[in-house]
Structure formats: C-alpha cells, structure tokens
Amino acid sequence: MVDLYGDAVERIESTWGVDNLSLYAFAMEQVADSIVITDSMGKITYVNKAFEAQTGYDRSMALGNTPGIVKSGKMAEAFYERLWAILGAGETFKGIFVNRRIDGVLFSEEKVITPLRDLNGAITHFISAGRDVTSRLESERRLRELACFDDLTKLYNRASFFEQLDVLISASSERCNGVTLLLIDLDRFKGINDALGHDIGDQVLIKVAERLVDATRLGDIVARLGGDEFTVALAGPLTDTDRESILQRICATVEVPIVVSGTPLYVGASIGVSRFPDDGGDSKALFKQADISLYEAKREGRGRAKHYSPALRKNAERYHQIYQAMRHAFGARELWVAYQPVFDLKTRKVVGVEALVRWNSQTLGTIMPAEFLPVVCDLGLGHKLTDFVLEKASSDIARANAELGVSLTVAVNVPAEELHAPGFAAKVEAALRRSALAPTSLKVEITESALIPQGESSTSALEALANAGVEIVIDDFGTGYSNLGYLSTLPVSSLKIARSFIEKSGRSENSKKIIRAIMMLASNFGVGVIAEGVETSSELEFLEEEGCRLIQGFLIARPMPIGDLINYMNSYSKEADWTRGGTEKQK
Ligand code: C2E
Ligand code: CA
Ligand code: CA
C-alpha cells in the first residue's frame, strides 16, 4: 500500500526543509487556479481565494453546497455522465465547463478533477483545479471565424467561398444538377467610398450583403471576395427563366437606395454569369468565365448581367493584348493626333479642327480610340493621354496657323475625370502658353455626363477655362441626360449634335425633330451648334436649311495627320469642291 499521506509530508519537508503543513495550506489558498475540494458525496468542503474571485461566491456560500451552484445549464447531460463515470472509476477527469458566476455571467473553465484517496485507497474527496479560459476560447473562435468569414459583412470570405464552391460542384456533378456562378461588382461604390469615407462605404457593403442573402435561397452560397466584389453560387437545376428572375431580383435589390444617416446612396450591380458544367468544369474555370462576363457587363454600361459565351472570351483576349501593348505605347511614341476639319457653311471655309487621338501599335497595328480608350482608363493613364493630346494639338495648330496665316480653332476631347481633376484649368493655360496658341483658338469638348453636378469642382473648372477664353463644347449633345436648368448656368459656348441623329436624319422624322429642337435650344440659350458625322449631301442640305453653320464629317474630310492638314488647307482654298472626304489615311 502506498503511504500517500507520508509521501506528501515528506515531499513538502524535503522541499521546504520544515514540517510545514500550513505552507501546504497557504499554497492551496494562494495558487492562481481555482481549487474546489468536495467530499465523496460531492459536497464542497473547501474553496480557495481564486474560486471566490472567479465565481463571485464567497466561501461561506460555497461550503456545504455542491459545485452545481456554478452550473450554467449549457452543458449536455452526457458530459456529466461521462465525468462521473471517469471519477467513479477513480481516474482523473479533464474537460472544459461552461459555468455561471453568481452575477449570471457565463465563463469557460478548463478543469482537472482528481479523486483523493485515504490511506486505505478509498475515495474520500475530489479536488478540482480550474482556470478561466473564456478569453482564450473567444480568441480561438475569432481566429476560426476570421479564417472563414468576412469580418465586415459576415459572409463567407474568398478562401472559404472556393472551398464551398468545390463542394457544391462535386455534389452537383453527382446529381447532374448544375451550378450558376454570379460575380457581382458594385457600380458607383468607389465614388461613395472616396467622397463620403470608409465608414459610410462599410455601411453600404453591409447592407448590400444583407440584400444579397435575402435575394437568394437557402443552399446558395453568398460571399464577399474583397472590396466591393461579391459572389453568389446558385445551387441546383435552374431554368433560364428562373436564372433571369434571380438576376433581375439581385440587380433590383442592389439598386434600391441605401439610406445612411438619412442620406440615400445609389449603387448598382454589374454581374458576370457562368454555369457549371456548360462554361467550365471546375471552380477556377467557372470563376474565370464569370470574370470575363463581368468585365463585359461593366463595359456595356453597368447595372446589368452578362452571360459567358466564347465570343466574350475573344473580347477578353483582345482586351488583354491591348492592355499589354498600351503599357508601352506612350514610351514608344506610338500615339499621335489626327485632325478633322470643321467647315463653316456660311463662309465656305475650314474654320477649325477636332483633335482625335490615334494609335499605331507596333504589335497590333492601327487601333481606334473606341477600342483603346477604355484600356487607357483602366491603366490609369487617362490624364497622361489628355496631357499628350492637349500639348500636341496646341503646338501643331499654333504652328499650322502661323505657317498658313489663318486662325483655326482646335477642339480637344476631355473626359469628365480629367475635367474634374484639380488643377485642370491651370494645366490647359500652361499648355497654351508653351505653344503660344491663343486661348480663343482652343475648344474643350466634354460630354453631358461631365456636367452632372459634382459640387464646386466641375463648375469651377469650367469657369476657369471660360475666363481664360477657352470655349466649352458639349459633345454628342442629346444622347445624355442634361439637366437643362443646370446647363443654362454653365459657361458653355456650343452644342455638338451627336452623329446618331445626323445619320438617321435622312430616314427618321424623329431625328429631324430632335435636330431642330437642339438648334432651337441653342439659339434660345445664345450658344453655337456644330453638326458632326455628316456623310451625305442630303444630310448637309437639311442642316443648311435648318440654319446650322458648322459642319464636321467624312463628307468634308476625314481625320488626318498634321502634315496632310496643312496640304489640305493649302489646296482646298484653290478648289471649288470641298466635299471630298476620301478614306482616312495613316500617318
Ligand atoms: P467623338 O468625340 O464624338 O469624335 C468623333 C468621332 O466620329 C471620331 O471617331 C471621328 O473620326 C468620327 N467621325 C467624324 N466624322 C464622321 C463621319 O462622317 N462618319 C462617321 N461614321 N464617323 C465620323 P474616333 O476618332 O474614332 O473617336 C471616337 C471617340 O473617341 C471620340 O468620339 C471621342 O469620344 C474619343 N476620342 C477620340 N480622340 C480622343 C482624345 O484625344 N481624347 C479623348 N479623351 N477621347 C477621344
Ligand atoms: Ca468630340
Ligand atoms: Ca461627338
């Protein structure tokens, strides 16, 4: 028989050198772990200070009670059954308890309960040593959560989305069910985030996440991939009609204004769609196809869903090629500026030109602006392009004017982002000074979208330009949504009638009416009109009858390099026939 008592006393004596049972007791009393001793029936016979601090029960309340006083009711009965089975067999039990303090607060306690035996080996007591692990468990839980869920929206995060998608795909391939993957990018979110701050941006993302969950069904997977990009995997077989109605529901729910601190904020959803197994055999392929479709959806004007097709893939490949080639275009001097004459029907003279950027790529050949401008924008090179055209056009036309002894105007296209960028007007004035072009010879062409009120910045840029003597022309007038009341307050000098109306004027009464209305509007506001894209003499006759003076279009001349423009100017005055556009030449 082991002499437990003797062993213990001896151990203490050899450690502290004295027969010091009271030290034993002090140690028990002061140890940081919460100690509870019960008799064999489970009645508490001793608790230490740590127990009092941890549970809020003082010794007098605990003694005579059972440890059940801290029971929370959160543990399954099976847990206690196992505990008693182990202790009853005389073994040590280890486990984590969820207990309740006297004030009701729950805490997690990691406990070791050991049976105490008397000199005969009979169990007389149980001693439990426990420590509070609430905060450790909480941080472990947070870590697990962080690994799976997006902290802000509580949706799945990117990594766990792909895991879930893989599971969904393999389940669907067994049941031949199909999966539809939606890649969702918020429209206009960046503007809100930049202008109103990240806190407001976060509120918008949280709201969108809730709405996406509401718009989908149980079993679908909704996740946030990062930034303003979300994704939804629709499980199960879906008819085309089902799929369309879900897509519409998602677009519509995201478009409902989100009210943050009383202010309605407007975002929208662009969605790229791909399907398993038709478009891709695994999550990676599916995601790539949805990404291609999303890009097309955004390119086509946002707020819409685009389904994957092999043709989209071709577009994406072309985009990628252009993207790569454009990185070197500025450095390699592959960009140049063409000039398209503007003709005055009254004086029968060329009075100005529009500067149009051109790109002769060494690897891809000639590419037109409609195709490469979006890439310039995506590469963040928009301001570089505007600077380049502005510098080149001012110096080319200043030189041409000096050489020809004329005073042609030159119109430069300026996208909204450049116009609103700080210091734009100063940049224009600097370019004018460097080239010695008269400010009155420069026109800045902006689209109606650049006129959406943006606070101080847009009006101040326009006013600074106008004050400097530069004319403001509204390009493609009639195709946007101008606020006429606001327009009338801006220093605009001309409206350029969009080519789409001129083109249809021969066959569409409506287009004629629109052209007349624009002429009337311009005359009432006391601003000029330019008709662009004039290709036929009947279009020209109609415009002349309506009193439109300034004409631009292939009928007069195509855009051309500066050298050709000078030759053209030299020769056209000697010829009677000025309607000889021909084909656009390369530099
Ligand atoms: P835009 O400003 O409306 O320019 C007029 C476009 O119509 C030019 O196309 C011009 O070549 C074309 N055009 C002119 N007359 C006719 C005609 O009689 N018939 C037809 N079918 N087309 C005609 P381009 O040069 O391809 O430019 C397309 C658009 O790209 C421009 O539309 C403008 O929005 C943008 N763009 C062109 N150059 C620049 C530039 O230097 N900077 C910026 N930001 N945008 C530019
Ligand atoms: Ca233009
Ligand atoms: Ca135009």
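Which residues surrounding ligand 1 are the closest? In this predicted model, local features require pLDDT of at least 70 and side-chain atom pairs count only at pLDDT 80 or more, whereas totals for chains, interfaces and linings use all residues. Residues are numbered from 1 along each chain as its sequence is written, ligands are numbered from 1 in the order in which they are written, and side-chain values use heavy atoms, with hydrogens and water left out.

Ligand 1 is surrounded by 22 residues, of which R358, D475, R499, E535 and F554 are the closest; a residue is near a molecule if one of its heavy atoms lies within 4 Å of it. This shell comprises 11 nonpolar, 4 polar and 7 charged residues. Strand β14 contributes the most, with 4 residues.

Several side chains approach polar atoms of ligand 1 (a polar contact being a pair of N or O atoms within 3.5 Å). A polar side-chain atom of E535 lies 2.5 Å from a nitrogen atom of ligand 1, and a side-chain N or O atom of Q340 is 3.0 Å from a nitrogen atom of the ligand. For E532, the distance from a side-chain N or O atom to an oxygen atom of ligand 1 is 3.5 Å. The protein covers 83% of the 790 Å² of accessible area that ligand 1 has on its own (Shrake-Rupley method, 1.4 Å probe).

The calcium ion (ligand 3) is coordinated by D475, D476 and E532 at 2.0 to 2.9 Å, donors being N, O and S atoms within 2.8 Å of the metal, or 3.2 Å for Na, K and Ca. D475 also bridges this ion and the calcium ion (ligand 2), 3.9 Å apart.

Conventions: A polar contact is a pair of N or O atoms within 3.5 Å; within protein, one must be able to donate a hydrogen and the other to accept it, and residues adjacent in sequence count only if both atoms are side-chain atoms. Helices (H or I, at least four residues) and strands (E, at least two) are DSSP runs, numbered from the N terminus. Ala, Val, Leu, Ile, Met, Phe, Trp, Tyr, Cys and Pro count as nonpolar, Asp, Glu, Lys and Arg as charged, and the others, Gly among them, as polar.
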